[in-house]
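Thanks for sending this one over. Here are a few friendly notes to read alongside the structure.

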Amino acid sequence: TGLPQNRNRIFVISIRKDIDSSMFEFPKPFDTGIRLKDMLETDEKVLEKYFLSDEVQEKLRVTNEEMTENMPIHIADLCSEKYKRMHEQSRRIYDEDGISPAMHTCGGGNTECKVSRNKLKIVRKITPKEANRLMGFDDIDYERCVELGMSDTQGYKQTGNSIPVSV
């Protein structure tokens, strides 16, 4: 199946000499066609707190004017003194037609992965549920954690610390 995520991986293949037939060929990479937008909830279902305020959106600087089809499509950055001190990934805005960066352990303060809808007309943070989807977890797993009292911050940290099984 795969995940719409830019995550570099290292695979180590070992074959004992006494059973090596020299037939192993590493599979070629392929595009699954799954995009970030396939993992997102509709904006109507997303709480207002996940949308960037007008004040924050005024700090956007478009980095990919043509919004070309390179993946992940990093189309804008948040720019101010506060954002300059953040990790580069926390400043970036990704287009819904691209793929997500690898999830990281963010703890709030607008450090969560951000997505653009309709070519920067709508910019918001991905929700913890969407972050879970991007790591290969289903919504039932997420809902069970919420029922046990998981906060958004805990959800983002769990996501960033997890390892996607799907390759």
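1. A definition to begin with: a polar contact is a pair of N or O atoms within 3.5 Å, where, within protein, one must be able to donate a hydrogen and the other to accept it. Keep in mind that this is a predicted model. With that in hand, look at the start of helix 5, residues 139-147, where a side-chain oxygen of D138 comes to within 3.2 Å of the backbone nitrogen of I140.

2. Now for what comes after that helix. Helix 5 is followed by G149, and the phi of G149 is positive, near 100 degrees.

3. Within helix 5 you will find V146.

4. T127 sits in the loop that runs between strand 7 (122-125) and helix 4 (128-134). Is T127 buried or exposed? T127 is buried, because its relative accessibility is 4% and buried means under 20%. Setting aside neighbours within four places in sequence, the contacts of T127 are E41, V46, Y50 and Y156.

5. Please check the backbone at S22. Most residues other than glycine have a negative phi. S22 is not a glycine, yet its phi is positive, about 60 degrees. S22 belongs to the loop between strand 1 (5-6) and helix 1 (54-57). With 63% relative accessibility, S22 counts as exposed.

6. On to the aromatic rings. A pair of aromatic rings is described by the distance of the centres and the angle of the planes. The count here comes to one aromatic pair. That pair is F24 and F26, with 6.3 Å centre to centre and 75 degrees between the planes, an edge-to-face arrangement. F24 is partly exposed at a relative accessible area of 47%, and F26 is partly exposed as well, at 43%.

7. Which residues make the nonpolar surface patch of about 600 Å²? The patch is made by F11, I13, I15, I19, F24 and F26. Among them, I13 lies in the loop between strand 1 and helix 1. I13 counts as partly exposed, with 45% relative accessibility, so I13 passes the requirement of over 30% for patch residues.

Key
Residues are numbered from 1 along each chain as its sequence is written. This is a predicted model: local features need pLDDT of at least 70, side-chain atom pairs count only at pLDDT 80 or more; totals for chains, interfaces and linings use all residues. Side-chain values use heavy atoms; hydrogens and water are left out. Rings of Phe, Tyr and Trp (its six-membered ring) pair if their centres lie within 6.5 Å; planes under 30 degrees apart count as stacked, over 60 as edge-to-face and the rest as tilted. Buried means under 20% relative accessible area, exposed over 50%, partly exposed in between (1.4 Å probe, protein chains only). Helices (H or I, at least four residues) and strands (E, at least two) are DSSP runs, numbered from the N terminus. Contact means heavy atoms within 4.5 Å. Patches are made of residues with over 30% relative accessible area and no salt bridge: like charges are joined within 9 Å, nonpolar side chains (Val, Leu, Ile, Met, Phe, Trp, Tyr) within 5 Å. Accessible areas come from the Shrake-Rupley method with a 1.4 Å probe; for residues, only the protein chains shown count as cover. A salt bridge is a side-chain nitrogen of Lys or Arg within 4 Å of a carboxyl oxygen of Asp or Glu.
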